[in-house]
Amino acid sequence: MATNKTKRKVRNDLIFIAALLAVVTVAGACLFFLRGEGTTVTIKVNAKTVGVYSLSEDRVVEIPSDRGHNRLIIRDGTAYMETATCPNGICVAHHPIHRQGESIVCLPNQVVVEISGDQTEAPDVVL
């Protein structure tokens with residue numbers, strides 16, 4: 001039978017775990033929601049930058065690589081992969097991106113699309 005001391009330890013452990021989960025959840029939410037809006041799209045093929053485009057200008061970007069072909073659409077301040085010749089199509093299924101730090105990756109074609117912006121727009125968060 002459990003003693004009062006054991007019950008108290010278990011209760012204190014549960015309180016600690018709940019508090020830790022609350023802190024991690026709040027910190028994650030702050031980092032996610034406080035990221036600034038992006039201003040540019042950087043396209044890399046085989047880890048080399050092949051283009052930098054403004055999110056404010058609508059355009060279609062054809063991205064050829066040694067392993068295939070992708071088509072990126074920049075529209076209404078977002079960027080998304082419309083088509084790709086890769087076999088799995090994960091990059092095409094990815095939601096449109098627009099916040100700093102977001103990316104779309106097509107591993108088979110070695111294409112990375114990243115959103116960046118003016119670093120002064122992103123707030124500093126100290127945890």
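Modeller: Here is a walk through the strand pairing, then the loop residue. The model is predicted.

Four strands build it, in the order 2-1-7-6, with antiparallel pairing. Strand 2 (48-54) and strand 6 (103-106) are its edges, and each pairs on one side only. From one strand to the next, the twist averages 15°. Look at one pair in this sheet. Strand 1 (residues 40-45) and strand 2 run antiparallel and are joined by six bridges. One of the residue pairs is V45 with K48, its bridge partner in strand 2.

Strand 3 (residues 59-65) runs antiparallel to strand 4 (residues 68-75), and seven bridges join them. The two form a hairpin, with two residues between them. R59 has I74 of strand 4 as its bridge partner. Strand 4 also pairs with strand 5 (residues 78-84): six bridges, again antiparallel. Here R71 is bridged to T83 in strand 5. Strand 4 and strand 5 make a hairpin as well, with two residues between the strands. In that hairpin, D76 takes a positive phi near 55°.

Now the loop residue. N109 sits between strand 6 and strand 7 (111-116). Its relative accessible area is 2%, under the 20% cut-off, so N109 counts as buried. What is N109 in contact with, leaving aside its neighbours within four places in sequence? The list is S65, R67, G68, H69, N70, A84, T85 and C86. Of these, S65 belongs to strand 3 (residues 59-65), while A84 belongs to strand 5 (residues 78-84).

Conventions. Residues numbered from 1 in each chain as written. Predicted model: local features only at pLDDT ≥ 70, side-chain atom pairs only at ≥ 80, totals over all residues. Heavy atoms only, no water. Pairing = 2+ DSSP bridges. Axes fitted to C-alpha atoms, helices over the stretch in contact; angles between N-to-C directions. Buried < 20%, exposed > 50% of the residue type's maximum accessible area, 1.4 Å probe, protein only. Contact = heavy atoms within 4.5 Å.
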